[in-house]
Amino acid sequence: MKWTQTLIPTLREAPSDAEIVSHKLLLRAGLIRKLAGGVYTFLPLGLRALRKVEQIVREEMDRAGAIEVLMPALQPPEIWQQSGRYETASNVLFKLKDSGGREWLLSPTAEEVITTLAANEINSYRQLPKNFYQISLKFRDEIRPRFGLMRAKEFIMKDAYSFDTTDESAMASYKKMYDAYTRIFARCGLKAFPVEADTGVIGGNYSHEFMVPAETGENEVVFCEACGYAANIEKATSGIPKTAAREIGAAVEKFATPGVVTIEALSKEPYKVPANRQIKTLVYIADSKPIIILIRGDDQLNETKLMARTGVVAVRPATSEEISPLLGAKPGSLGAVVNVPADAYVFADERIRGANDMTTGANEDGFHLRNVSIERDIKVHEWSDLRTVSAGEPCAKCAKPLKIRRAIEVGHVFKLGTKYSEALNATFLDADGARKPSVMGCYGIGVTRTLQAIIEQGNDKDGVIWPLNVAPYQVCITPLAVAPESEAMKLAEKFYAELTAKGVDVILDDRDERPGVKFKDSELVGFPIRIGIGEKSLAKGEVEIKPRHGAMQSIKVEEAVNAAMKLVSDGVAK
RNA sequence: CGGGGCGUAGCGUAGCCUGGUAGCGCGCUUGUUUCGGGUACAAGAGGUCGUGAGUUCGAAUCUCACCGCCCCGACCA
């Protein structure tokens, strides 16, 4: 490709609506342009890089035995009602009507469609296992699109869906995808690692996310360097000890705490109740029903865990106005010992199970209770892990201190079980003549997000540093004179023809620009290899080869093509 | 949706508080110049100051509403 024939609108300065480095570089390097919030046009260079990522994904899916299909973006709501997600995923669904008034959805994912397909086309265990995938536009009415392609209303996702006869077979399908994902991200030049994950609205019971470490990531990952444990903080647990038991104290005693409405205030003079001997009482509204949560004073509730436990669609903290009539006191004096409505469901965190000598609110403004022994004094309906892990806590597996870092989620694999196959009748006839629902898995890669993650991970002050495998062009030939009869341009054309013939993606910067402009632009866009051709070195029979992320070297004209080929085959120089 | 911020030329911005001629840098066009790291000089084009209403003799500037964009939170590939 000749530079002047394509469109590479580089920018000296980033538009002010870009915040993070990868978003700025996507714009500055002329890869994308915004049409509206969360909606982008891919320019020629951005599209080339995107296609390369897609191709890697496609090759690895095929290699893992998945088969490519293409499902409609326009979907009828009936199948979503059947699966139950018309309600549970309602907040991200784009809904529209055709001219006849019939309602449609824009696909945010395709479990319903693929399961309907499987229900119709798969009848026998002999047809299984099968794994279908597609690479297509997805639509989600994100509450807040942000960071360019990171969270967009419209994005490209690879989604795959496996159907198996048994749980064991489904695990094998899962493992194949897990391994394929590991290869995909490695081939994209990304340092991505798998972590245990919550399953969210997709459902299912076993799941890993693939994470790219980045300060700008929207996720927090808890990990152990010693044993390799890693989990999304929404799911992570630690080996932190339970609350130390003390001698069962005297009977519960009410004491006045005027004006004390925080854990911290109660831990100070004159009360001096340490936060770890306090029970924090929270009221949440779970799908419009109030629930009471008990957690240790120095712990933080993990709302994702709460949602997973309750199985509801949405939880939110109750307002003060909702709490007062329920418990008879305002937040700050709440407890679950006395005056708890009989129908109020009480969840308690495992860490305070068996704890005694605790202090909690009296459900009376300005009073607390001491000597509370949880099992004796509180009716807990359900115990579970509800707390958020903090950095430094001991790993549950090896007791070494856990660390926390931020990351970008680029892929997610789920073991779904039979949730969708049962709802949508995707059954098969087994060898024993019994009709059974297929055991499903689903597997997603945010392709456009992966592209941005590559940039977020590979850049410096001068611009993007593309891994060779996904660079829009691998080699940029930069003649410093562009008149057709000039030595530099003639040689550039020759290199261009030879490298192209060898299957290398080459761009020739034939713009009549100053050398500085060309060098700056090639670094901004981030081509892995630049071949500079100018009169000075040409006089010595040499040209320059400059890896984007390495030192420039002068090389004899006749060796230039081979030298470039070597860099390409080496996967490019450090 | 809650909280915060911002809308002035393609991009980045000044001007707004204290109402009166819309300014600068980059980019773009033309010419000269330069020719190995975003050259220099000159001449130019380009603006409904987000939209609408209001206050005023007069509004980019003050008031209100709406729209859009960005950041923090809930949601997720």
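User: In which loop is Asn-425 found?

Analyst: Helices (H or I, at least four residues) and strands (E, at least two) are DSSP runs, numbered from the N terminus. Asn-425 is found in the loop between helix H11 (419-423) and strand E22 (427-429).

User: What should I know about the model and its numbering?

Analyst: This is a predicted model, in which local features need pLDDT of at least 70 and side-chain atom pairs count only at pLDDT 80 or more, while totals for chains, interfaces and linings use all residues. Residues are numbered from 1 along each chain as its sequence is written, chains are lettered from A and ligands numbered from 1 in the order in which they are written, and side-chain values use heavy atoms, with hydrogens and water left out.

User: What is the phi of Asn-425, and is the residue buried or exposed?

Analyst: Most residues other than glycine have a negative phi. Asn-425 has a positive phi, near 60°. Buried means under 20% relative accessible area, exposed over 50%, and partly exposed in between (1.4 Å probe, protein chains only). Because its relative accessibility is 52%, Asn-425 counts as exposed.

User: Where is Lys-272 found, and why does it count as exposed?

Analyst: Lys-272 also has a positive phi, near 55°. The residue is found in the loop between H7 and E14. Lys-272 counts as exposed because its relative accessibility is 54%.

User: Which residue does a cis peptide bond join to Pro-129?

Analyst: Most peptide bonds are trans. Pro-129 is found in the loop between helix H5 (111-121) and strand E7 (130-139). With omega about 0°, the cis bond joins Pro-129 to Leu-128.

User: From which residue does the cis peptide bond to Pro-270 run?

Analyst: Pro-270 lies in the loop between helix H7 (263-266) and strand E14 (279-286). Omega is near 0° for the cis bond, which runs to Pro-270 from Glu-269.

User: How many helices and strands does chain A have, and what percentage of its residues is buried?

Analyst: Chain A has 16 helices and 31 strands. Its C-alpha trace spans about 100 × 65 × 50 Å along the principal axes. Of the 574 residues in chain A, the buried share is 51%.

User: What percentage of the contacts in chain A with a separation of 6 or more is between residues 24 or more positions apart?

Analyst: Contact means heavy atoms within 4.5 Å. Among contacts in chain A with a separation of 6 or more, the share from residues 24 or more positions apart is 69%.
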